[in-house]
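Here is a short briefing on a pocket and on charged pairs. The sequence and the structure come first.

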Amino acid sequence: MYFDGSLMKTGAGAGLLFISPLSIHMRYVIRIQFVASNNVAEYEAHDNGLRIAIELGVRRLDVRGDSQLVIDQVMKALSCHDPKMEAYCKEVRKLEDNFHDLELIHVAR
């Protein structure tokens with residue numbers, strides 16, 4: 001799964017791309033309906049991607065994203081000090097229990 005959050009003048013959104021082991025591509029676009037920072041948009045992309053993967057019955061997931069902050073916080077390399085980020089981190093902990101194997105990788109733009 002590739003995830004990316006985006007913040008623009010017109011609002012925030014998230015993009016997801018799932019690639020199955022058989023190379024089937026599934027794309028999702030999420031429009032965020034509340035005021036969000038870029039980091040919140042990135043977490044929304046990541047967390048909604050995990051929810052979609054769970055609904056699809058995925059048990060092993062490689063996750064790739066360009067947000068160093070999200071990757072580091074989810075991998076526990078960085079602490080969540082901001083209350084909003086801490087709430088997202090807690091949600092990730094609940095979601096990750098649904099996977100047998102979950103790997104996060106930072107990809108540079």
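The lining of the largest pocket divides into ten nonpolar residues, one polar and four charged. Here Ala, Val, Leu, Ile, Met, Phe, Trp, Tyr, Cys and Pro count as nonpolar, Asp, Glu, Lys and Arg as charged, and the others, Gly among them, as polar. This is a predicted model: local features need pLDDT of at least 70, side-chain atom pairs count only at pLDDT 80 or more, and totals for chains, interfaces and linings use all residues. Residues are numbered from 1 along each chain as its sequence is written, and side-chain values use heavy atoms, with hydrogens and water left out.

**Pocket**

- The largest pocket holds about 310 Å³ of space. A pocket is an open set of points on a 1 Å grid over the protein atoms alone, where a 1.4 Å probe fits, with protein on both sides within 12 Å along at least five of seven lines. The volume is the space filled by probe spheres set on the points, which are joined across faces, edges and corners.
- Its lining has 15 residues, each with an atom within 4 Å of a point. Ile19, Ser20, Pro21, Arg60 and Leu61 lie nearest the centre.
- Strands E2 (11-19) and E4 (60-65) each supply at least two lining residues. E4 gives the largest share, four residues. Strands (E, at least two residues) and helices (H or I, at least four) are DSSP runs, numbered from the N terminus.

**Salt bridge between helices**

- The count comes to five salt bridges. Each is a side-chain nitrogen of Lys or Arg within 4 Å of a carboxyl oxygen of Asp or Glu.
- Arg51 pairs with Glu91, with the closest N and O atoms 3.2 Å apart. Arg51 sits in helix H1 (residues 38-55) and Glu91 in helix H3 (residues 83-96), so the bridge ties together parts 40 residues apart in sequence.
- Arg51 is partly exposed at 32% relative accessible area, and Glu91 is partly exposed at 24%. Buried means under 20%, exposed over 50%, and partly exposed in between (1.4 Å probe, protein chains only).

- Lys90 bridges to Glu86, with the closest N and O atoms 3.8 Å apart.
- Lys90 and Glu86 both lie in helix H3, four residues apart, about one turn of the helix.
- Lys90 is exposed at 52%, whereas Glu86 is partly exposed at 34%.

**Network**

- Salt bridges that share partners join Arg60, Asp62 and Asp101 into one network.
- Between Arg60 and Asp62, the closest N and O atoms are 3.3 Å apart. Asp62 is partly exposed at 23%.
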